[in-house]
Amino acid sequence: MNKPEELVMTAGHWNSNGQPSAPLDPPSAAAAVTPAAPQLASLMKTDGEPDLQQDDPQENGVIQRTEYSSISPPGSPVVQDEPFSTYFEEKVPIPEDAGELFSFRKLWAFTGPGFLMSIAYLDPGNIESDLQSGAKAGFKLLWVLLGATIIGLLLQRLAARLGVVTGMHLAEVCNRQYPTVPRIILWLMVEMAIIGSDMQEVIGCAIAFNLLSVGRIPLWGGVLITIIDTFMFLFLDKYGLRKLEAFFGVLITVMAISFGYEYVAVAPDQGELLKGMFIPYCAGCGPTQLEQAVGIVGAVIMPHNIYLHSALVKSREVDRNNKKEVKEANKYFFIESTIALFVSFLINVFVVAVFAQAFYGRTNIEVALQCNETGSPHTDLFPMNNETLQVDIYKGGVVLGCFFGPAALYIWAIGILAAGQSSTMTGTYSGQFVMEGFLNLTWSRFARVLLTRSIAIVPTLLVAIFQDVHRLTGMNDFLNVLQSMQLPFALIPILTFTSLHSIMNDFANGLVWKIGGGVVILVVCAINMYFVIVYVTALDSVALYVMSALLSIAYLSFVGYLAWLCLIALGASCLDCGSRMGLSGHTDIYLLNDMDTNELVER
């Protein structure tokens, strides 16, 4: 095998028909790439790298390759007889509709991953953020929800493109590109986000069971039921991928009908709703509304969802050798994601509007008197004072029942149960993809599900056993902060890798996407850091302040490291230092850990 200096790249070139063209002339390509090659090791991981193309057929000393993507799934150091996979044991074929610019048959074939991804926009954490937004600010923050959803769509587009173009999801790419220590830290941070999200979802299911049973099923009992039914539902994909996706579609429909019923029953003012949605202004808003606006952004844009979507798109049969098919897949996945997030946005609007119309500005004593008149057993939840009503998922169902009848309470609980159960399952998938990608695990499906479920459910079960519903719902504030802190560990890597031509070829981010993506990620991370600071300062403890300061130093150092690599990928060659000062024309090359064996030729 020749030295790294003698490896040259040939990917990303097609003829006019969209098929791979002949590789670059080896001498000329070598002249372009060789100066950067000696510096590859500076950012490469050195553990367990597979030997490059030992057994590939050669002709005149050149390895013959026509594979489109510039990276391929990471090889295991141990040769396996059969590939193992999760969710991808079958792939959905794409129908041929030659000559059509748009085909509904093809859109239907690509429909599925986007709707599974959109469930993260409808989890109990989002629903609680919605109802608090309506109760605290009325319709005034709907424009924030709209903006956060649009930003989420743009980030999901990057995730889907990475999966389609490379054939690898984000966790696999991170495993391949980052050195060992940063890779492990990144995995731990993403796992923390998934655990936090899982806990919120399990809490939502437990509260829904408690409301539906009129308190007969205790919270810890609801948590145990969630464990059992999650395992049952997760094995639905054994009956076919499309059936699994259809089941998730049913759960989204249940949410739409449930929260839509509440919307019709309350009959919000449509003029105020449209005004709040399209006029970016919040008249008379103070710190409370500002914190709620920040909370909306944190609840909508979730880090593990970026990893999830980049994996789900691999479930479609796309010939990555063919540029036309890759481009077409990107188009249909974006259309499908747009439709899915539009549906999730409408459901979120239903919840905000219901609480904005019915409960904005109400006091505890008003609600307590109304609940007492209707004979509600939950009157004690609301103190007899004139303080503004504070609601959560549990109290939200109760006040709906007090003002609009028992049917409103039960239908609310059904919607929360559908939200919690669906997001619990997709959260478990996220956990599996992340563990498989970062650690290259080859565990059985049952073992992986058991581990990811246990990590999330054990602390939730302990709180449910030893605390009341107020403490359980109060955990959401802490969990929202936890997930907000993890956002950079999804947003920075996805922008980094989708901006590298060595990974994305002709589908790498252009200048507009690089600048826009960088600004969006900077704003989102800044907003969420403000959210974290507000939460920490409210703790009022010197010891916690000191601990937070120490953790912040380590946290910001790691975020700075990832941002440094991201800026180089975006073209900021001035940030090269040391021996890499001369790499301004090849900044995307030396970031690669493990150059794709499909894109290298041996001279």
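Which residues make a nonpolar surface patch of about 510 Å²? The patch is made by Val 542, Tyr 545, Val 546, Leu 550 and Ile 553. Patches of this kind are built from residues with over 30% relative accessible area and no salt bridge, with nonpolar side chains (Val, Leu, Ile, Met, Phe, Trp, Tyr) joined within 5 Å and like charges within 9 Å. Accessible areas come from the Shrake-Rupley method with a 1.4 Å probe, and for residues only the protein chains shown count as cover. Ile 553 is found in helix H23, residues 542–569, and is exposed at a relative accessible area of 55%. Here buried means under 20% relative accessible area, exposed means over 50%, and partly exposed lies in between (1.4 Å probe, protein chains only).

The model is predicted: local features need pLDDT of at least 70 and side-chain atom pairs count only at pLDDT 80 or more, while totals for chains, interfaces and linings use all residues. Residues are numbered from 1 along each chain as its sequence is written, and side-chain values use heavy atoms, with hydrogens and water left out.

**Two helices and what follows them**

Helices (H or I, at least four residues) and strands (E, at least two) are DSSP runs numbered from the N terminus. The expected span of a helix is 1.5 Å times one less than its number of residues. Helix H5 covers residues 124–137, and its 14 residues should span 20 Å; the end C-alpha atoms are 19 Å apart, which agrees. Of these 14 residues, 13 are buried, so H5 is largely enclosed by the rest of the structure. Just after H5, Gly 138 takes a positive phi of about 65°.

Val 214 follows H8 and lies in the loop between H8 and helix H9 (219–234). Val 214 has a positive phi of about 55° although it is not a glycine. At 43% relative accessibility, Val 214 counts as partly exposed. Ala 267 is another non-glycine residue with a positive phi of about 55°, placed in the loop between helix H10 (241–266) and helix H11 (270–278).

**Salt bridges**

The structure holds six salt bridges. A salt bridge is a side-chain nitrogen of Lys or Arg within 4 Å of a carboxyl oxygen of Asp or Glu. The table lists some of them.

| Arg 242 | Glu 245 | 3.1 Å |

Glu 245 and Arg 242 both lie in helix H10, three residues apart, about one turn of the helix. An α-helix has 3.6 residues a turn, so residues three or four places apart point the same way. Glu 245 is buried, at a relative accessible area of 9%, whereas Arg 242 is partly exposed, at 28%. Arg 242 and Glu 245 are also linked with Arg 316 in a network of salt bridges. The charged end of Arg 242 sits over the ring of Trp 108, 5.4 Å from its centre. A charge sits over a ring if NZ of Lys or CZ of Arg is within 6 Å of the ring centre and within 35 degrees of the ring normal.

Lys 323 lies in helix H14 (residues 323–359) and Asp 506 in the loop between helix H21 (501–504) and helix H22 (511–537), so the pair ties together parts that are 183 residues apart in sequence. Lys 323 is partly exposed at 26%, and Asp 506 is partly exposed at 38%.

**Aromatic pairs**

A search of the whole structure finds 17 aromatic pairs. In one, the rings of Phe 247 and Phe 248 have centres 6.3 Å apart and planes at 70°, so the pair is edge-to-face. Rings of Phe, Tyr and Trp (its six-membered ring) pair if their centres lie within 6.5 Å; planes under 30 degrees apart count as stacked, over 60 as edge-to-face and the rest as tilted. Phe 247 is partly exposed at 21%, while Phe 248 is buried at 1%.

The rings of Tyr 307 and Phe 438 have centres 6.0 Å apart and planes at 45°, so this pair is tilted. Tyr 307 lies in helix H13 (residues 303–312) and Phe 438 in helix H17 (residues 406–439), so the pair ties together parts that are 131 residues apart in sequence. Tyr 307 is buried at 1%, and Phe 438 is buried at 3%.
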